[in-house]
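Please look over the model below before reading on.

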Amino acid sequence: MKKLFSLVLITGFLLLSLGAISQPPPPPSNPSDPAPPVGGSAPVGSGSLVLLTLACAYASRKVYVLKTEADTE
């Protein structure tokens, strides 16, 4: 039951954070521009935040498992 609750809590947090940081699409490029920007105009900030959040969740899970294994021995 505790695992299910934590899974639901983490999933809800991620869904809410993704909805809060979403950005509108960039305006269409002007065909009269001589050269489009290198790499396009993709937003990188929100993807980095999601990756960082998942890395923190993974690391905390690993620490929790190691801690509970050390307590049971």
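1. Leu-4 sits in helix 1. Together with Met-1 and Val-8, Leu-4 makes a nonpolar surface patch of about 380 Å² accessible area. Patch members have over 30% relative accessible area and no salt bridge; like charges are joined within 9 Å, and nonpolar side chains (Val, Leu, Ile, Met, Phe, Trp, Tyr) within 5 Å. A salt bridge is a Lys or Arg side-chain nitrogen within 4 Å of an Asp or Glu carboxyl oxygen. Areas use the Shrake-Rupley method with a 1.4 Å probe, and for residues only the protein chains shown count as cover.

2. This is a predicted model: local features need pLDDT of at least 70, side-chain atom pairs count only at pLDDT 80 or more, and totals for chains, interfaces and linings use all residues. Residues are numbered from 1 along each chain as its sequence is written, and side-chain values use heavy atoms, without hydrogens and water.

3. The protein chain has two helices and zero strands. Both are DSSP runs numbered from the N terminus: helices are H or I with at least four residues, strands E with at least two.

4. Of the chain's 73 residues, 1% count as buried. Buried means under 20% relative accessible area, exposed over 50%, partly exposed in between (1.4 Å probe, protein chains only). The accessible surface of the chain is about 6,600 Å², and 72% of that belongs to carbon and sulfur atoms.

5. The largest pocket has a volume of about 310 Å³. A pocket is an open set of points on a 1 Å grid over the protein atoms alone, with protein on both sides within 12 Å along at least five of seven lines; lining residues have an atom within 4 Å of a point. Volume is the space filled by probe spheres set on the points, which are joined across faces, edges and corners.

6. Which helix gives the most to this lining? Helix 1 does, with five residues. The lining includes Ile-10 and Ala-57.

7. Ala-57 belongs to helix 2. Ala-57 and Ile-10 are 47 residues apart in sequence, yet 8.3 Å apart in space, C-alpha to C-alpha.

Terms used: On a 1 Å grid over the protein atoms alone, a cavity is a set of points where a 1.4 Å probe fits but cannot get out, and a pocket is an open set with protein on both sides within 12 Å along at least five of seven lines; lining residues have an atom within 4 Å of a point.
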